[in-house]
Amino acid sequence: MSFFGKIFSKIFPSANAAEVVAAPPAAAPGAPAAVAPPPSIPLGDVPAILDAMPGAAGLNWRTSIVDLLKLLGLDSSLAARKELANEILYSNGEPGSAEWNIGLHKQVMSRIAANGGTLPAELRD
């Protein structure tokens, strides 16, 4: 299972993580990027699900990729975050920097929303 699939399955255990799209397929140069359509059935309110998890109150999962991964019980090391960034095709900034971590978090949240999770705009944009 992909790293993003693990994130998704921790938030939505009943969803089929094999169908989750971590990154859009590569388009031919000059062609518009193909975007995978979200599932037809919304999966749920992500903030409510994450806030209800044990330990959520002590973590800043809303802005920190490290805290989000910790909340989900996943590896939050720099190597793991680099693996995740590579998988979702995120490359802005210096890996491990505050800017890079914030951007990676936003990309993960955007991918969750693209796959049917309900998120407020401030968590995905």
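Buried means under 20% relative accessible area, exposed means over 50%, and partly exposed lies in between, using a 1.4 Å probe and protein chains only. By that rule, both Phe4 and Phe8 are buried. The model is predicted: local features need pLDDT of at least 70, side-chain atom pairs count only at pLDDT 80 or more, and totals for chains, interfaces and linings use all residues. Residues are numbered from 1 along each chain as its sequence is written, and side-chain values use heavy atoms, with hydrogens and water left out.

- Helices are DSSP runs (H or I, at least four residues), numbered from the N terminus.
- Helix α1 covers residues 3-11.
- Its buried residues are Phe3, Phe4, Gly5, Ile7, Phe8 and Ile11.
- These buried residues pack against α2 (46-51), α3 (65-71), α4 (78-87) and α5.
- Contact here means heavy atoms within 4.5 Å.

**α1 against α5**

- Helix α5 spans residues 98-114.
- The axes of α1 and α5 come within 11 Å and cross at roughly 65 degrees.
- Axes are lines fitted to C-alpha atoms, for helices over the stretch in contact, and angles run from 0 to 180 degrees between N-to-C directions.
- The crossing of α1 past α5 is right-handed; that is, the near helix is turned clockwise from the far one by less than a right angle.
- Phe4, Ile7, Phe8 and Ile11 of α1 touch Val108, Arg111 and Ile112 of α5.
- By class, this contact has 6 nonpolar, no polar and 1 charged residues.
- Ala, Val, Leu, Ile, Met, Phe, Trp, Tyr, Cys and Pro count as nonpolar, Asp, Glu, Lys and Arg as charged, and the others, Gly among them, as polar.

**α1 against α4**

- The axes of α1 and α4 are 8 Å apart, at an angle of about 100 degrees.
- The two helices are therefore roughly perpendicular to each other (65 to 115 degrees counts as such).
- On the α1 side, the contact is made by Phe3, Phe4, Gly5 and Ile7. On the α4 side, Ala80, Glu83, Leu84 and Glu87 take part.
- This contact has 5 nonpolar, 1 polar and 2 charged residues.

**Aromatic pairs**

- The structure holds 3 aromatic pairs.
- The rings of Phe4 and Phe8 have centres 6.2 Å apart and planes at 35 degrees, so this pair is tilted.
- Rings of Phe, Tyr and Trp (its six-membered ring) pair if their centres lie within 6.5 Å; planes under 30 degrees apart count as stacked, over 60 as edge-to-face and the rest as tilted.
- Phe4 and Phe8 both lie in helix α1, 4 residues apart, about one turn of the helix.
- An α-helix has 3.6 residues a turn, so residues three or four places apart point the same way.
- The rings of Phe8 and Phe12 have centres 5.0 Å apart and planes at 50 degrees, so that pair is tilted.
- Phe8 has a relative accessible area of 2% and is buried.
- Phe12 is buried, at 4%.
- Phe4, Phe8 and Phe12 form one aromatic cluster.

**Two further residues**

- Ser110 lies in helix α5. Ser110 is partly exposed, with a relative accessible area of 23%.
- Ser110 and Arg124 are 14 residues apart along the chain, and their C-alpha atoms are separated by 4.7 Å.
- Asp67 sits in helix α3. Asp67 is buried, with a relative accessible area of 15%.
- Leaving aside neighbours within four places in sequence, Asp67 is in contact with Leu59, Asn60 and Trp61.

Terms used
Parallel < 35°, antiparallel > 145°, perpendicular 65-115°, else oblique.
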